[in-house]
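Please examine the structure shown here before reading on. The paragraphs that follow turn to charged pairs and then to helix packing.

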Amino acid sequence: MGHQTGLIFLTLAIIASAHAWGPIGHQTVAQIAQMHLTPQVAATVNQILDGLALRDVAIWADQVRDLPQWAWSFPLHFADTMDQKCDFVFDRDCHYEGEKGMCVVNAIKNYTSQLQANHKSNIHFNASGHSVAAAGSDVALKFVTHFVGDIHQPLHCGFLSDEGGNLVVIEFFNQTNRLHGIWDYNMIERVIEQSYNNATQEWVQHLVTMIQTRWADDVAVWTKCNDPTSLDCVAAIASESAGYACTNAYLCHPENTLPCPSQGVHNGTHLDDSYYSLNIPVVERRIAMGGMRLAAFLNKVLA
């Protein structure tokens with residue numbers, strides 16, 4: 001019975017780890033974005049979401065994707081890349097079970113294009129003179145809010161053969177989990193617990209402060225390409241994540257011109273302080289980048 005119970009808990013942990021970032025990461029991306037919307041776009045977002053903020057809908061796409069009517073959206077959360085290549089190429093990597101175009105890159109492009117088209121041509125006014133969001137804009141905005149978070153999680157552009165680290169079972173501080181899961185949840189939870197006494201909003205404020213100070217000069221670089229309806233713009237973000245997946249998540253060992261002929265993380269690897277210390281700055285920076293880019297994208301398409 002003890003072994004069966006352990007297997008049940010491991011299975012639940014593995015299932016849970018399949019979502020990107022987890023609620024805290026996604027809500028933080030959305031909260032940072034909300035802070036950086038223009039007043040006009042913030043009002044439009046409020047209208048489209050019927051009074052809700054981006055943070056309120058940040059995990060909606062994860063909440064519905066296992067429902068039968070939304071099952072088609074599952075492959076839009078990631079863009080698994082060819083093993084050991086450490087980059088994203090749209091024609092090579094954006095597909096799922098033989099269907100081309102099914103990946104997070106195309107999803108961001110398509111749903112931001114829908115938002116922009118609705119905003120420019122289909123907003124109408126009700127009897128009281130207040131604009132009413134075009135049908136479908138709320139779903140598009142919920143998807144965009146979530147998918148921009150997804151694409152910044154390195155293992156959402158991880159290796160195809162291990163499903164972005166979902167098939168790599170490791171030990172993280174003596175707890176069994178999937179590699180994907182420690183990037184979604186565990187490192188975020190650990191930094192909030194150890195450095196911020198479980199005060200999530202203090203951690204969020206730390207990221208905001210970093211954006212305003214140490215990363216201030218980087219923001220212009222992060223948001224230089226602010227047109228999410230451009231495939232090249234979004235694909236570049238996926239390539240960034242694929243690179244981080246190699247260098248930081250899998251701990252690839254480059255050799256000559258090969259970016260990842262071998263890797264330091266595989267089934268059974270024990271990960272502890274050195275791995276966490278190397279990668280929590282990457283997690284924090286990617287979440288900050290996701291928030292600032294989400295704001296830039298919405299400020300562009302909803303202007």
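**Salt bridges and helix packing**

Arg92 and Asp93 join their side chains in a salt bridge, with 2.8 Å from N to O. The term salt bridge stands for a side-chain nitrogen of Lys or Arg within 4 Å of a carboxyl oxygen of Asp or Glu. The model is predicted, so that local features need pLDDT of at least 70 and side-chain atom pairs count only at pLDDT 80 or more, while totals for chains, interfaces and linings use all residues. Residues are numbered from 1 along each chain as its sequence is written, and side-chain values use heavy atoms, with hydrogens and water left out.

How accessible are the two partners? Asp93 is buried, at a relative accessible area of 4%, whereas Arg92 is partly exposed at 24% relative accessibility. Here buried means under 20% relative accessible area, exposed over 50%, and partly exposed in between (1.4 Å probe, protein chains only).

A salt bridge also links Arg285 with Asp218, at 3.2 Å from N to O. Because Arg285 belongs to helix H13 and Asp218 to helix H11 (residues 216–222), this pair ties together parts 67 residues apart in sequence. Helices (H or I, at least four residues) and strands (E, at least two) are DSSP runs numbered from the N terminus. Arg285 is partly exposed at 24% relative accessibility, and Asp218 is partly exposed with a relative accessible area of 24%. Through salt bridges that share partners, Asp87, Arg92 and Asp93 form one network.

Asp62 and Arg65 form a salt bridge at 3.9 Å, N to O, and both residues are buried. In the whole structure, the search finds six salt bridges.

Helix packing comes next. The axes of H10 (residues 200–212) and H13 (residues 273–301) come within 10 Å and cross at roughly 70°. H10 is therefore roughly perpendicular to H13. Axes are lines fitted to C-alpha atoms, for helices over the stretch in contact, and angles run from 0 to 180 degrees between N-to-C directions. Angles under 35 degrees count as roughly parallel, over 145 as roughly antiparallel, 65 to 115 as roughly perpendicular and the rest as oblique. In the contact (heavy atoms within 4.5 Å), Trp203, His206, Leu207 and Ile211 of H10 meet Glu284, Ile287, Ala288 and Met292 of H13.

H10 also packs with helix H2 (residues 23–35), at an angle of about 50° and with the axes 11 Å apart. H2 is therefore oblique to H10. Ile24, Thr28, Gln31, Ile32 and Met35 in H2 meet residues of H10 including Trp203, Leu207 and Ile211.
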